[in-house]
Amino acid sequence: MKKYSIISTALKVGKYLPVALVLTLSSCSDSFLEVPPQGQQPSEQFWKNEADATKAVNAMYANLRSWNNTAFAPIAVESVPSDDAEKGSSPSDATFFNKFDTFTHTSTEGQIADFWTGQYQSINYANQVITNIPAISMDEGLKARYIAEAKFVRAYCYFRLVRAFGDVPLRLSLATDASQYNLARTPKAQVWAAIEKDLQDAATVLPQTYGAADIGRATKGAALGLNAKVALYQKKWSDVVSLTKQVMGMGYGLLPNYDSVFRIPNENSKESIFEIQCKLILGNASASSSQYSQVQGVRGSQGGGWGFNVPTQDLVNEFEAGDPRLDATIIFRGETTPQGDAIPATGDNPMYNQKSYVPFSLFVSGYNEGAEQNVRVMRYAEVLLMNAEANMELGNTADALASLEMVRARARQGNAAILPKVTTTDQAQLRKAIYHERRVEMAMEFDRFFDVVRQGRGAEVLGKKGFKTGVHEVFPIPQNEIDLSAGVLKQNPGY
């Protein structure tokens with residue numbers, strides 16, 4: 001398995017730009033952080049023109065699909081602790097995942113350190129863009145857009161950090177001397193406020209759409225949608241309604257077939273709010289670096305993958321009878337996929353994540369399985385469900401039911417015999433229905449654990465796995481970061 005080698009705290013900002021990442025959006029490999037200084041371009045020779053600015057922004061996007069951002073660390077922190085997923089693979093492989101499933105993880109667990117580092121790497125790239133591009137003589141419109149894109153990426157990474165750790169160091173500029181390297185944790189309320197400010201700034205500049213050459217970059221809709229999610233986590237219900245309504249008026253829509261949302265031909269579709277772009281580039285295996293699909297693919301099948309992050313029976317039981325989303329979410333052992341892949345009837349795991357699945361026929365020897373599969377970060381269906389939840393909490397029952405029905409109607413796919421329309425006006429029952437819908441609609445999309453926590457249901461839902469109120473709402477600060485800080489960083493309670 002691939003593992004990036006990280007040296008020093010993620011808060012430190014070096015003098016050199018990693019050329020392997022700067023050169024192109026596709027140039028992300030497992031060795032880019034280990035390039036020696038003689039193989040890097042000093043910052044004094046960079047940031048000179050528009051081409052440099054473009055390289056830097058592309059590098060920032062490329063890092064979003066790195067191992068620490070899309071593979072083992074996010075699975076450990078953002079998926080396995082939920083009741084939707086468990087380790088998978090073979091019983092003896094990567095047993096550290098079991099600690100996250102049973103809430104026995106500690107501050108020395110490597111996946112927590114990798115997750116922390118992955119986010120701060122991307123924040124560092126964003127901060128370099130935000131700090132250095134203003135001084136470049138270049139097209140002013142493009143300059144403003146690049147800075148707005150960097151603010152979106154920075155906000156996205158801080159969102160992932162604050163919901164995982166609570167208070168985190170807030171770095172909004174490059175350090176100018178060593179005294180600024182070692183930051184204490186910033187109260188989470190201030191981090192949330194900084195995220196909101198970045199997203200507000202981004203939304204005022206970013207376009208609603210791009211031409212073909214720039215599809216996949218952050219848009220106005222992405223900034224508004226993520227800001228709605230930020231408001232959701234803070235229970236700012238009126239803000240959630242306002243922000244989601246703006247997105248709902250921007251031309252997004254639901255694809256008719258749920259399964260098609262996650263297939264390669266429909267990447268960046270009308271349902272996509274933001275996706276991390278991945279591609280298989282023939283002749284350049286090191287640039288075809290995404291392992292998001294590979295680590296979750298069907299184990300034991302050529303073109304499949306490693307078999308981690310598999311669905312649970314608890315998730316299966318949550319689906320209503322006849323819901324097509326069940327088969328579109330889960331690959332069952334012994335089935336034949338709609339794309340014609342026969343899944344072995346025997347093996348280590350009874351189920352796999354179908355949302356990360358890439359047909360076996362697309363596998364190219366010498367490349368990661370599923371390297372071309374984009375990572376769906378936000379979909380229009382989630383915007384509708386956020387709108388439904390916020391309207392429900394505000395007592396706007398009719399609006400909540402209308403948004404909820406849009407999601408269920410698509411899932412129904414014309415079959416009136418399944419997924420009956422939700423009509424209850426009782427707030428408690430409607431809340432339960434929306435929570436259920438969010439779980440099945442967004443299953444295996446790395447949000448379930450944090451949804452349960454923000455809803456205040458951690459012990460109720462996850463207590464049987466070992467969740468303890470007052471401790472497991474957040475993860476421990478990586479011990480190596482505390483050590484490097486000489487105690488400036490303080491540990492979360494209970495760890």
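Modeller: A disulfide is a pair of cysteine sulfur atoms within 2.5 Å. By that criterion, the structure holds zero disulfides. The model is a predicted one, in which local features need pLDDT of at least 70, side-chain atom pairs count only at pLDDT 80 or more, and totals for chains, interfaces and linings use all residues. Residues are numbered from 1 along each chain as its sequence is written, and side-chain values use heavy atoms, with hydrogens and water left out.

Colleague: Why is C157 called buried?

Modeller: Buried means under 20% relative accessible area, exposed over 50%, and partly exposed in between, with a 1.4 Å probe and protein chains only. C157 has a relative accessible area of 0%, so C157 is buried. C278, at 8%, is therefore buried as well.

Colleague: What makes A94 buried or exposed?

Modeller: The relative accessibility of A94 is 11%, so A94 counts as buried. A94 sits in the loop between β3 (85-88) and α5 (97-101), and its phi is near 50°, a positive value in a residue other than glycine. Helices (H or I, at least four residues) and strands (E, at least two) are DSSP runs, numbered from the N terminus.

Colleague: What makes A486 buried or exposed?

Modeller: A486 has 71% relative accessibility and therefore counts as exposed. A486 lies in the segment after α19 (479-484), with a phi near 55°, again a positive value in a residue other than glycine.

Colleague: How do you know that W116 and F165 form an aromatic pair?

Modeller: Rings of Phe, Tyr and Trp (its six-membered ring) pair if their centres lie within 6.5 Å; planes under 30 degrees apart count as stacked, over 60 as edge-to-face and the rest as tilted. The structure holds 26 aromatic pairs. For W116 and F165, the values are 5.2 Å centre to centre and 80° between the planes, an edge-to-face pair. This pair links distant parts of the chain, with W116 in helix α6 (residues 110-132) and F165 in helix α7 (residues 140-165), 49 residues apart. Both W116 and F165 are buried.

Colleague: Why is the pair of Y292 and F446 called tilted?

Modeller: The ring centres of Y292 and F446 are 6.4 Å apart and their planes stand at 40°, so the pair is tilted. Y292 belongs to helix α11 (residues 292-296) and F446 to the loop between α16 (427-441) and α17 (448-454), so the pair ties together parts that are 154 residues apart in sequence. Y292, with a relative accessible area of 8%, is buried, and F446, with 11%, is buried too.
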